[in-house]
Each structure stands twice: as structure tokens, then as C-alpha cells.
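I opened the model to look up how one chain is folded and where it touches its partner. My entries are below the display.

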Amino acid sequence: MRNALTIAGKELAGYFVQPVAYVVMSVFLLLGGFFFFNMLRYFEVVLQMYTAMQNPEVLARLNLNHAVIEPLLHNLAIVLVILVPAITMRSFAEEKRTGTYELLLTAPVRTGEIVAGKFIAASVFMLIMIALAGIFPLILVMFGNPEVGVMVSGYIGIALLSVSFVAIGLFTSSLTQNQIIAAITCFGLLLLLYVISWPAEAGGARFGDLLRYLSLPDHFGQMVSGVIDTRDIVYFLSVIVVALFLTQRSVESVRWR
Amino acid sequence: MIEVKNLVKSYGDVVAVKGISFKADEGAILGFLGPNGAGKTTTMRIITGFMPATSGTVLVDGLDIFKNSLEARRKIGYLPESPPLYTDMRVDAYLRFIARLRGLGRSAVDDALEHVLKVCGLEDMSQRICGHLSKGYRQRVGLAQALIHDPPVLVLDEPTIGLDPRQIHEIRELIHELAGHRTVVLSTHILPEVSQICQKVVIIADGRVVLEEQLAKLPAGTSLEEVFLHAISKEHPEDTARAEETLEEVGAGHA
């Protein structure tokens with residue numbers, strides 16, 4: 001564990017000495033601000049419209065969480081599909097290319113610790129970024145009265161989602177020494193998890209259910225709408241465990257290939 | 001100290017190492033020689049536990065590098081062919097990281113860092129970014145990295161390659177000083193390097209050991225060049241041409 005933390009510390013510091021991390025963070029927060037502003041504007045317009053029409057029934061049903069935070073988180077999740085590969089693509093690919101891989105693998109450190117260290121670093125980075133995006137609900141709390149519980153559930157959802165993405169990104173990076181290949185494979189996998197339930201309707205009962213179970217937005221959507229179900233938590237944890245296990249095997253493979 | 005027993009390594013159909021055995025004695029520098037492509041780097045990667053052999057084994061201080069891998073790896077300092085630097089880290093941060101990774105405690109790291117910076121002549125470079133260093137200094141940082149946990153065994157893969165003559169001289173001196181109580185395995189294809197600093201020489205050609213001998217016991221009046229050429233031509237006549245190339249390189253390195 002100590003070794004994993006040593007590696008995590010070095011990796012995390014590494015993110016902040018190069019511009020990629022700042023660019024990723026800025027893009028994420030700027031786009032977030034853009035979405036937030038637009039949805040809030042739209043909400044206000046609708047609100048004014050129904051107030052003018054004096055329609056209390058609809059007014060009572062208008063909901064700040066539903067109109068602003070939910071779509072915001074869904075949009076940010078899609079932004080993460082593109083940004084996470086940019087953060088994780090270096091992790092193993094770069095080490096292989098520059099030869100520091102030999103240094104890591106000849107150090108008295110288990111491969112599991114190497115994987116854990118890199119996973120912790122990239123996850124912490126993602127969580128920092130998502131915590132910064134917490135400014136949006138904070139603004140709502142200051143100037144309105146949203147349901148805090150639902151927003152917390154949504155943010156837990158996007159945190160779990162980003163960490164699962166990181167695990168998948170580490171896996172694809174461990175397969176190659178080319179960062180571009182690592183990033184594109186990761187992007188492909190994440191997007192696939194996003195759309196995997198599309199053929200569910202046509203797939204018959206059992207196969208359809210399986211596809212729906214694998215589908216990321218289904219589980220994420222539950223949490224965003226305020227439902228924290230163990231099924232969804234188990235789903236995300238399974239994705240993380242499976243991806244990290246495969247990463248560890250892939251790193252270890254240099255020893256039995 | 002290091003015992004290599006019957007190493008075989010194949011990459012798919014290509015057999016790179018075909019049964020290498022030798023011993024490196026405690027406190028001695030062993031010169032590991034061979035023409036390019038003879039299997040030197042592969043052998044060293046196996047000794048350091050980077051990859052396993054197809055068959056055979058390596059004992060480092062009595063510990064099997066595969067079965068007791070973590071303990072055995074702790075005893076080794078390894079400088080691969082190209083110094084494994086994180087190009088965007090500062091030299092001191094890099095060395096601290098390696099020290100922690102090799103198991104030094106927080107309090108021991110500062111002393112170890114100060115020591116290797118001094119030994120490797122890097123005191124003025126500790127705040128520099130690794131990626132900005134010249135080739136010679138990179139090699140020194142590579143050595144510092146291998147030494148930082150004060151290992152009883154040093155494995156150096158062509159430590160003087162690509163350096164200018166003065167740097168070659170400095171690095172050789174450094175290795176000589178470092179040796180002391182350590183066991184050093186030094187791979188090279190520069191023969192004078194071996195005559196100058198090694199006590200024992202192992203020559204391999206085409207994945208096999210063709211000579212293992214104390215330098216002092218080589219026939220009087222013969223140069224290492226003659227021994228080397230004789231040794232590798234005996235088994236594989238076609239290697240002579242390559243060896244002559246090596247000698248030309250050596251000549252160039254001397255001029």
C-alpha cells in the first residue's frame with residue numbers, strides 16, 4: 001500500500017507539471033458553465049412564461065433539479081467520455097515508450113501496487129475536477145431552493161462514473177506504447193458502454209435485459225434522478241474491479257509472455 | 001553473489017539466449033561482453049527480474065529472482081541501456097521517488113539523496129528537469145538512481161554508450177570507485193573498458209557463453225581483443241566480421 005501511495009503521489013504531481021491536466025480541467029469547467037448557464041436561462045424563461053400565463057399547476061411541477069442539474073450532469077458525463085482518455089492515455093503507454101517501465105517493473109514493487117497507484121492518482125484528479133464543478137449546485141443553493149439530496153446523489157453518480165472511466169482508461173493504456181491508440185481505444189469502449197442498450201428492444205427479452213444492465217446511462221441516470229440503488233453502485237464497482245484486474249494482468253503479462 | 005544457471009530465453013521462435021551460465025563474485029566487477037545481438041540486454045533483463053527466462057534461473061545473493069522476486073529485486077540497482085528518466089521531473093524529485101519505491105524510509109531518503117548526488121557529481125543539477133539534461137548527466141542520474149538504495153548488486157547495461165571520451169572516462173572512474181564491496185555486472189562491447197576496470201570477463205556470442213575467466217588468468221602477452229576475437233570466432237566464424245566492427249568502434253572511441 002505504501003508503494004501504491006508513493007506512485008500515486010508522483011503521478012498526481014506529474015499531472016500538474018504538464019499542461020494537459022489544466023487544459024482538461026478548463027475545458028470541463030468551461031463547458032459545464034456553458035451548459036449550466038443555458039439551462040438556467042431556459043428554466044427562467046419557462047418560469048416567467050407560466051407565471052404570466054398564471055398556470056399554478058405547471059408551476060408547481062417545475063423543478064430546478066429536473067430542469068438544470070440533471071441535464072447538466074448528463075452532458076458532463078458525455079464530456080468525460082472524451083476527456084478521461086486524454087488523462088489516462090499516458091499512464092502506461094508513456095512509461096513503455098520512454099523505458100521507465102523497466103524501472104518500475106524491476107523495482108521491488110508488485111504490479112498490483114503499480115496499477116493501484118496510477119488508479120488512485122487519476123481518480124483523485126477526476127474527483128478534484130468534479131468537486132470544482134460543485135460550484136454549479138452551490139450557486140443554486142445560494143440563490144434558490146433545490147433539493148440538496150438529489151444533487152448529492154447525482155454528484156456521487158458522476159464521481160463513480162468518472163472513476164470507472166479511469167479504470168477503463170488505465171486498461172487501454174496498459175495494452176500499448178502508443179498514447180493515441182490508448183486514447184482512441186478508451187474512447188471507443190466508453191462510447192460503446194454509452195450506447196450498448198440501443199439494440200435492446202430488438203434483442204429479445206434476455207439479451208435485451210443484459211444490454212440494458214450493461215448500459216452506463218441507465219445506471220448513471222438513476223443516480224442523477226436521486227435514486228441511490230445498490231444495483232447501480234454494484235454495477236460501477238464491477239466495472240472498476242474488472243477493468244483494474246485486466247490492467248494488472250496486462251502489466252503482469254510482460255512476465256509470462 | 002550472482003549465479004546465472006542455464007538461462008534460456010525465446011521470443012516466439014527466436015531463441016535469444018541459449019543456455020547461459022556464469023557466476024559474478026562478491027565485490028568484483030564482471031565485464032559482460034559480446035557482439036551486438038548476442039543476448040546481453042536480454043540476459044540483464046532476466047537478471048534484474050524485468051522478465052522471466054523461458055528456463056533456467058538466476059540467484060542474487062542466494063535469492064531466486066523469480067521465486068523470491070521482491071527480496072531479490074531489492075538487492076539490485078539497475079541501469080538499463082537508456083537511462084529510465086521521467087523527463088518532466090526534477091532530478092531530486094525523481095531520485096526521491098526511486099528511493100521510496102526501493103523501500104527507503106522517509107527519514108533515510110534525504111541522506112541517500114545527498115550521498116548519491118555527491119558520488120555522481122550531480123550536486124549542482126538537483127533542481128534541473130531530467131529532460132533538459134545532457135546525455136552525460138542523464139547517464140549520471142541513471143547511475144544515481146541505481147545506487148540510491150545502496151544495493152549490494154549493480155547491473156549496468158552499456159553505461160558508457162553514446163558519451164564523449166571525457167564523459168566515458170568519468171563514468172568509468174565512477175564505476176570503479178563505486179564498486180568497492182559491491183558486485184557489478186557491466187555489459188559493454190568496448191574492450192578496453194573491461195581491461196581497465198573489470199576483474200572477470202564473460203564473453204557471449206549468439207546466446208552462448210564462449211569464455212568465462214579472471215582477467216588476471218588470461219594468457220600473458222595476449223590482449224583482450226585477441227582473446228575476444230578468438231573466443232567468438234571459435235564457435236561462430238561469421239561473427240568475426242562483426243567483432244572487427246566492434247574493434248573499429250573501440251579504436252574510434254580511443255581517438
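These notes go from conventions to the chain, its sheet, and the contact.

**Conventions.** I am working with a predicted model, in which local features need pLDDT of at least 70, side-chain atom pairs count only at pLDDT 80 or more, and totals for chains, interfaces and linings use all residues. Residues are numbered from 1 along each chain as its sequence is written, and chains are lettered from A and ligands numbered from 1 in the order in which they are written.

**Chain B overall.** I counted nine helices and ten strands in chain B; helices (H or I, at least four residues) and strands (E, at least two) are DSSP runs, numbered from the N terminus. The C-alpha trace spans about 55 × 45 × 35 Å along its principal axes. I find a radius of gyration of 18 Å for chain B, which agrees with the value near 18 Å for a compact globule of 255 residues; the radius is taken over C-alpha atoms, and the globule rule is 2.2 Å times the number of residues to the power 0.38. Of the 255 residues, 45% count as buried, that is, with 20 or more other C-beta atoms within 10 Å of their own, C-beta atoms being placed from the backbone.

**The sheet.** I traced an open sheet of six strands in chain B, ordered E6-E7-E8-E3-E9-E10 with mixed pairing; two strands pair if DSSP finds at least two bridges between them. Strands E6 (76-79) and E10 (208-214) of chain B each have a single partner strand, so one side of each lacks a neighbour in the sheet. E7 (residues 153-157) and E8 (residues 183-188) of chain B pair in the parallel sense over five bridges, and Leu156(B) stands opposite Leu186(B).

**The hairpin.** E9(B) and E10(B) run antiparallel, joined by six bridges. Ile204(B) has Val209(B) as its bridge partner. Two residues separate the strands of this hairpin, and Asp206(B) in the turn has a positive phi of about 50°.

**Contact with chain A.** Which helices of chain A each supply at least two residues of the side that touches chain B? I noted H1 (2-17), H6 (100-106) and H13 (230-256) of chain A. The contact takes 19 residues from chain A and 20 residues from chain B, where two residues are in contact if their C-beta atoms, placed from the backbone, lie within 7 Å.

Terms used
A residue is buried if 20 or more other C-beta atoms lie within 10 Å of its own, exposed if 12 or fewer, and partly exposed in between; C-beta atoms are placed from the backbone.
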